[in-house]
Amino acid sequence: MNSDIEQILITESELQAKIKELGSRIAEDYKDKIPVLIGVLNGAVMFVSDLIRACPIQLNIDFMAVSSYQDSTESSGVVKIIKDLDRNISGRHILIVEDIIDTGLTLSYLLETLQARHPASIKVCALLDKASRRRVNVPIDYLGFQIPDKFVVGYGLDFRDLYRNLPYIGVLKPYLYEGITGDNDI
Ligand code: PRP
Ligand code: MN
Ligand code: MG
């Protein structure tokens, strides 16, 4: 285990088992369609790449890069598009793939922005839900795990752009972020 990690919250095998389940459900629900799975960079990079391998149907993938935190560890509420989709999604079935829903501000912005492009449908698949932190109500159609309000990193989730490459979800040792912020955030 990485020495900056206090506790493993979700192991690699627990993640992979859950992703297989989610992939099967999505494959069943979209078997007669060709959905566009939209990975939200950077955090969803690992999740979307494992999820599509667990989803044996015809599908497209595309990516958006957005950031609501920028240099801060606390959500500013301002979401910025850093990279937009490469395709027109009008008439397409969209599945947004996120690593974590925290305040909900990023997802709420994405839903509003993508809905305005007239897709046939939009659903959301999120690996983690930190529901106790929610500031806006957002739908999650496919969810991996509910998690407590702990400072989690790994499997795409970062602290200061580090720890994304850990294959599990871990809790960061508090001394690493104490004094930087009084808040508890990703
Ligand atoms: C994180 C995470 C989600 C979002 C969730 O992304 O990956 O996209 O925050 O938080 P919210 O529900 O409070 O909006 P971040 O903006 O840190 O960018 P990153 O994916 O590149 O780490
Ligand atoms: Mn993100
Ligand atoms: Mg981040």
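User: Which residues is Asp 141 in contact with, beyond its neighbours within four places in sequence?

Analyst: This is a predicted model. In it, Asp 141 is in contact with Lys 123, Val 124 and Cys 125, leaving aside neighbours within four places in sequence. A contact here requires C-beta atoms within 7 Å. Asp 141 itself is found in the loop between S6 and strand S7 (142-146).

User: Why is Asp 141 called partly exposed?

Analyst: Asp 141 has 15 other C-beta atoms within 10 Å. Buried would need 20 or more, and exposed would need 12 or fewer. The value of 15 falls in between, so Asp 141 is partly exposed.

User: How far apart are Asp 141 and Ile 26, in sequence and in space?

Analyst: They are 115 residues apart in sequence. In space, C-alpha to C-alpha, they are 9.9 Å apart.

User: Two loop residues next. What is noted about the phi of Tyr 155, and is this residue buried or exposed?

Analyst: Tyr 155 has a positive phi of about 50° although it is not a glycine. The residue is found in the loop between S8 and S9.

User: Why does Asp 161 count as exposed?

Analyst: Asp 161 has 7 C-beta neighbours inside 10 Å. Exposed means 12 or fewer, so Asp 161 counts as exposed. Asp 161 is also found in the loop between S8 and S9. It too is not a glycine, and its phi is positive, at about 70°.

User: How do you know that S1 and S9 pair?

Analyst: Pairing needs at least two bridges between the strands. S1 and S9 have four bridges, in the antiparallel sense, so they pair. Examples are Gln 7, which stands opposite Val 171 in S9, and Ile 5, whose bridge partner in S9 is Leu 172.

User: How many bridges join S8 and S9?

Analyst: There are two, again antiparallel. At least two are required, so S8 and S9 count as paired. In S9, Gly 170 is the bridge partner of Val 153.

User: Which residues have the most contacts inside the largest nonpolar core?

Analyst: They are Phe 47, Leu 51, Leu 95, Ile 96, Val 97 and Cys 125, in a core of 37 residues. Elements supplying at least two residues each include helix H1 (12-29), helix H2 (45-53), S5 and S6. S5 gives the most, with six residues. In soluble globular proteins, nonpolar side chains tend to be buried together.

User: Which residues come nearest to ligand 1?

Analyst: Of the 19 residues around ligand 1, Asn 42, Gly 43, Asp 102, Thr 103 and Thr 106 come nearest. The elements giving two or more residues to this shell are strand S5 (93-101) and helix H3 (105-115). S5 gives the most, with four. By class, the shell has seven nonpolar, eight polar and four charged residues.

User: Which residues of H3 are buried, and what covers them?

Analyst: Leu 105, Thr 106, Leu 107 and Leu 110 are the buried residues of H3. Their cover includes strand S2 (36-41), strand S3 (60-67), S5 and strand S6 (121-129).

User: Where is Asn 42 found, and what kind of peptide bond joins Leu 41 to it?

Analyst: Asn 42 is found in the loop between S2 and H2. The bond joining Leu 41 and Asn 42 is cis, with omega about 0°.

User: What confidence does the predictor give?

Analyst: The chain has a mean pLDDT of 93, and 92% of its residues reach 70 or more. For the complex, the predictor gives an ipTM of 0.98 and a pTM of 0.93. Where pLDDT is low, the predicted coordinates should not be read in detail.

Note on methods
Residues numbered from 1 in each chain as written. Chains lettered and ligands numbered in written order. Predicted model: local features only at pLDDT ≥ 70, side-chain atom pairs only at ≥ 80, totals over all residues. Near = placed C-beta within 6 Å. Nonpolar A, V, L, I, M, F, W, Y, C, P; charged D, E, K, R; others polar. Contact = placed C-beta atoms within 7 Å. Core = buried A, V, L, I, M, F, W, Y, C linked by C-beta atoms within 7 Å. pLDDT = per-residue confidence, 0-100.
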